[in-house]
Amino acid sequence: MTRPGGPSWQRLRRAAIEVALALALWAVASAAPAEETPVRRILIVYQHDSLLPANIEAASGIEAALAAGLGTRRETFTEYLDLDRFPGPEHRARLVEMLAEKYADMPLDVVIVGASGALRFVLEHRDAFAPGVPIVFGGLSAPEIEEIAPPPDVFGAWSAYDIQGSVDLARRLQPDAERLVVMSGSAGLDRVWDRRARNEIKAPGLGVEFLTDLSLEGFKSRASTLGRDTILLVLGMNLDADGRTLVGRAAAAEIAAASGAPAYGIFSTYVGVGFVGGSVETFRSIGEAMGNLALKVMADPATAPHRITTPARPMVDWRQVRRWGINPELLPPDTLRLYYEPTAWERYWREIVLAAAVILLQSATIVALIIQSRRRRRIEAELAEERLELAHLARRTQLGELSGAVAHELNQPLTAILANAEAGAKLLAQEPPDLAEVGAILDDIAADDRRAADIIAQLRRLMIKGDAELVELDLNQVVANTVGLARSELVARQTTVEVQTGEAALSVRGNLSQLQQIVLNLTLNAAEAMAELPPSERKIEVEARARDDGTRLLAVSDRGRGMTPERQAEAFRPFVTSKPGGLGFGLSICRTIAQAHGGTLDFDLSVKHGARVVLVLPAP
Amino acid sequence: MGNARNVIAIVDDDEGVRRALRRMILSLAHAPVTFASGEEFLDGLAGASPDCAILDLHLPALRGIEVLERLRAEGSMLPVIIVTGLDQPGMRERCLGAGAAAYLTKPLGSADVSAEIEAILGNARHVSQRGRVG
């Protein structure tokens with residue numbers, strides 16, 4: 001057993017610390033790269049100046065590839081030789097001297113070269129500034145490369161510069177074309193393109209014309225004479241016949257702008273300056289190919305491929321496709337569409353689909369609501385019709401009960417008319433006839449006739465079904481007429497009616513026959529309620545007046561036994577009746593009529609003796 | 001048929017009917033006296049001394065049949081012609097049973113009224129004469 005703090009314990013502790021330290025160091029060592037990648041120095045040499053679009057695009061491709069392969073462990077140097085604008089030997093000598101001095105103490109790992117002139121320069125002077133350094137080139141076509149015949153430590157991303165592919169694309173987009181015009185400048189490289197085109201182009205059925213050795217103005221002038229039946233193919237345009245050095249892209253743009261025919265090219269830089277397009281490699285893809293090839297060369301020149309090919313693909317400027325009215329369906333499926341303006345559908349199809357769905361849903365909802373609303377209106381109309389029917393049936397039933405009294409009521413004027421007429425006849429037969437009395441008799445006959453006609457009109461109004469139209473009425477008049485019609489019946493029942501109405505008309509909006517029905521029903525109900533009373537006590541009070549709030553009140557009171565609140569509530573339900581043989585929907589219908597008038601019909605609960613039914617109608 | 005003017009009471013609540021019947025009675029060469037209700041008639045009966053009454057069955061408050069019954073209850077033998085605009089079943093028998101001399105339905109023709117009056121007043125004279133004899 002070892003005592004803590006003793007010599008054995010201290011040894012043990014020291015050993016443990018040593019082990020821990022060793023573990024920590026091992027962990028740190030294993031986290032670091034096993035073999036550190038050295039910083040690579042890459043020189044990129046361009047033939048032209050730094051603002052040439054092809055150079056800008058290619059530089060971005062190279063940068064992307066190198067950044068992906070090396071991260072930050074690289075140093076990139078760029079030289080723009082500007083050989084086309086400064087073609088003399090002095091410029092080249094100065095360049096060589098400058099480069100030699102500049103990179104004397106800066107060992108390079110690889111030189112990337114774009115364009116044939118630059119490659120020639122580098123191959124010629126590499127010993128001065130990059131001796132023994134492998135070279136990677138790109139953007140050159142096979143004829144150029146074959147002419148240069150680079151040595152074995154030169155690796156290349158060969159460009160197809162797909163002349164035939166561009167012609168094929170043009171023919172596809174212009175199926176009706178009859179001519180093909182091919183333009184090339186006067187520079188050596190331009191002539192290489194012209195030769196290639198003459199050798200390679202196969203366009204059966206097209207008249208092909210090659211134009212070269214013209215001034216820029218000459219090219220533009222010829223282009224302007226072309227028509228829609230022609231395909232214009234513009235190749236290299238770096239020098240014109242006047243000896244003017246051109247920036248290919250700018251010159252080509254001027255020619256395309258002047259052209260009456262759609263223009264095509266083999267360089268991606270032409271797409272976007274007025275050309276429809278072509279089968280092209282992008283300079284960015286050439287840059288990426290050079291960058292990737294350089295990485296392989298730096299890693300192991302022995303295994304790096306000496307030749308890779310950058311593929312071409314159809315590329316169009318969407319604006320030019322639109323401008324020339326070219327059918328987009330003719331485009332090959334893998335076409336890269338620059339400046340593509342998607343249609344509203346392409347851009348917003350989700351939103352459009354969603355909106356359409358919402359609109360459809362809304363429309364469906366609206367249609368459903370309309371159908372429902374129409375159905376409801378139809379049902380309401382049917383209900384209204386049935387209500388009219390029922391009200392009419394109730395009126396007829398009531399009139400049936402009243403028929404005897406009505407007959408009596410009609411017989412009164414008829415009696416008077418007959419008696420008057422016979423008396424008049426006798427008076428006329430007297431000598432001399434009492435003409436004054438005969439006149440009075442005739443007046444009475446006329447009055448009684450009108451009275452009979454009124455009764456018949458009232459009856460007819462109650463008998464016919466009519467419509468539910470509301471018109472302006474005098475409620476006092478409605479009460480007077482109705483009570484008059486019931487007079488005989490009330491007399492027969494030995495029941496008196498006291499009508500309390502103002503002298504002025506009491507206007508309401510209502511349906512005459514329906515309001516009469518209410519008055520008649522309430523009046524006869526009141527008479528019925530007092531049947532067991534002695535005749536002297538049978539008294540109905542009918543009151544009609546405007547209330548303070550402008551609404552109209554019609555109240556019919558009796559002195560009968562009254563009803564319990566339960567019976568009152570029940571009385572408004574259909575098929576509830578205390579009358580033997582009664583249908584029992586009189587009050588129910590009266591309330592329905594009142595409601596159809598926007599009013600109410602209720603018992604006056606404050607009345608303790610007898611019953612008082614109150615109709616309230618809205619102010620007119 | 002008597003030539004003398006008989007007094008005929010007309011009891012009807014309808015003014016137009018009253019006026020027309022009044023003219024009819026005048027044209028029949030009788031003397032009409034009109035009453036608007038049963039109560040008015042019973043009250044004025046003594047003063048008017050009618051020979052016959054044309055009594056409407058449908059009177060407010062006191063109905064025609066009740067007027068007749070009251071007359072008879074009071075011992076009056078006044079001939080009464082009941083007239084009605086509403087010929088309800090059994091009413092004719094009831095009225096005749098209660099002592100009505102005749103039962104006519106409206107509208108009334110003057111020929112019918114005249115015939116009834118003549119018939120009634122002939123009987124009444126006969127009854128009255130017999131009464132006096134008796």
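Let's begin at one residue. A:Asp109 counts as partly exposed, because it has 18 C-beta neighbours inside 10 Å. Keep in mind that this is a predicted model. Where does A:Asp109 sit? It is found in the loop between α3 (89-102) and β3 (110-114) of chain A. Now look at what surrounds it. Set aside the neighbours within four places in sequence, and A:Asp109 is in contact with A:Arg40, A:Arg41, A:Ile42 and A:Met298. Take A:Arg40 from that list. A:Arg40 and A:Asp109 are 69 residues apart along the chain. Their C-alpha atoms are separated by 6.1 Å.

Staying in chain A, go to another loop. A:Asp82 lies between β2 (74-80) and α3 of chain A. Its phi is near 55 degrees. That is a positive value in a residue other than glycine. Buried or exposed, or something between? A:Asp82 has 16 C-beta neighbours inside 10 Å, so it counts as partly exposed.

Next, a pair of helices in chain A. Helix α8 covers residues 216-224, and helix α9 covers residues 248-258. They pack at an angle of about 30 degrees, with their axes 7 Å apart. The angle is therefore one that makes α8(A) roughly parallel to α9(A). The crossing of α8(A) past α9(A) is right-handed. Which residues make the contact? From α8(A) come A:Leu216, A:Phe219, A:Lys220, A:Ala223 and A:Ser224. From α9(A) come A:Ala251, A:Glu254, A:Ile255 and A:Ala258. Sorted by class, this contact has 6 nonpolar, 1 polar and 2 charged residues.

Over to chain B. It has 5 helices and 5 strands. Along the sequence they follow the pattern β-α-β-α-β-α-β-α-β-α. How much of chain B is buried? Of its 134 residues, 46% count as buried. Here is a figure on contacts. Take the contacts in chain B with a separation of 6 or more: residues 24 or more positions apart account for 61% of them.

Two spots in chain B deserve a stop. One is B:Ala29, in the loop between α1 and β2 (31-35) of chain B. B:Ala29 is not a glycine, yet its phi is positive, about 70 degrees. B:Ala29 is partly exposed, because 13 other C-beta atoms lie within 10 Å. The other spot is B:Pro107. The peptide bond from B:Lys106 to B:Pro107 is cis, with omega near -5 degrees. B:Pro107 has its place in the loop between β5 (102-105) and α5 (110-133) of chain B.

Chain A has a cis bond to show as well. That bond runs from A:Glu431 to A:Pro432, with omega near 0 degrees. A:Pro432 lies in the loop between α12 and α13 of chain A.

How many residues of each chain take part? 27 residues of chain A are in contact with 22 residues of chain B. On the chain A side, α12 (344-429), α13 (435-463) and α14 (475-492) each supply at least two residues. α12(A) gives the most, with 17 residues. By class, the side of chain A that touches chain B has 14 nonpolar, 9 polar and 4 charged residues.

Let's follow α12(A) across to chain B. α12(A) and α1(B) pack at an angle of about 30 degrees, with their axes 8 Å apart. That angle makes α12(A) roughly parallel to α1(B). α12(A) passes α1(B) in a left-handed crossing. Which residues meet here? Among those from α12(A) are A:Gln412, A:Pro413, A:Ala416, A:Ala419 and A:Leu427. Those from α1(B) include B:Val17, B:Leu21, B:Arg23 and B:Met24. By class, the contact has 10 nonpolar, 5 polar and 3 charged residues.

Last stop, α13(A). This helix has 29 residues. From its first C-alpha to its last it reaches 41 Å, close to the 42 Å expected at 1.5 Å a residue. Its buried residues are A:Ile441, A:Asp444, A:Ile445, A:Asp448, A:Arg451 and A:Leu462. What covers them? The cover includes α12 and α15 (512-529) of chain A together with α1 (15-27) of chain B.

Key. Residues are numbered from 1 along each chain as its sequence is written. Chains are lettered from A and ligands numbered from 1 in the order in which they are written. This is a predicted model: local features need pLDDT of at least 70, side-chain atom pairs count only at pLDDT 80 or more; totals for chains, interfaces and linings use all residues. Two residues are in contact if their C-beta atoms, placed from the backbone, lie within 7 Å. Helices (H or I, at least four residues) and strands (E, at least two) are DSSP runs, numbered from the N terminus. Ala, Val, Leu, Ile, Met, Phe, Trp, Tyr, Cys and Pro count as nonpolar, Asp, Glu, Lys and Arg as charged, and the others, Gly among them, as polar. The expected span of a helix is 1.5 Å times one less than its number of residues. A residue is buried if 20 or more other C-beta atoms lie within 10 Å of its own, exposed if 12 or fewer, and partly exposed in between; C-beta atoms are placed from the backbone. Axes are lines fitted to C-alpha atoms, for helices over the stretch in contact, and angles run from 0 to 180 degrees between N-to-C directions. Angles under 35 degrees count as roughly parallel, over 145 as roughly antiparallel, 65 to 115 as roughly perpendicular and the rest as oblique. A crossing is left-handed if the near helix is turned anticlockwise from the far one by less than a right angle, and right-handed if clockwise.
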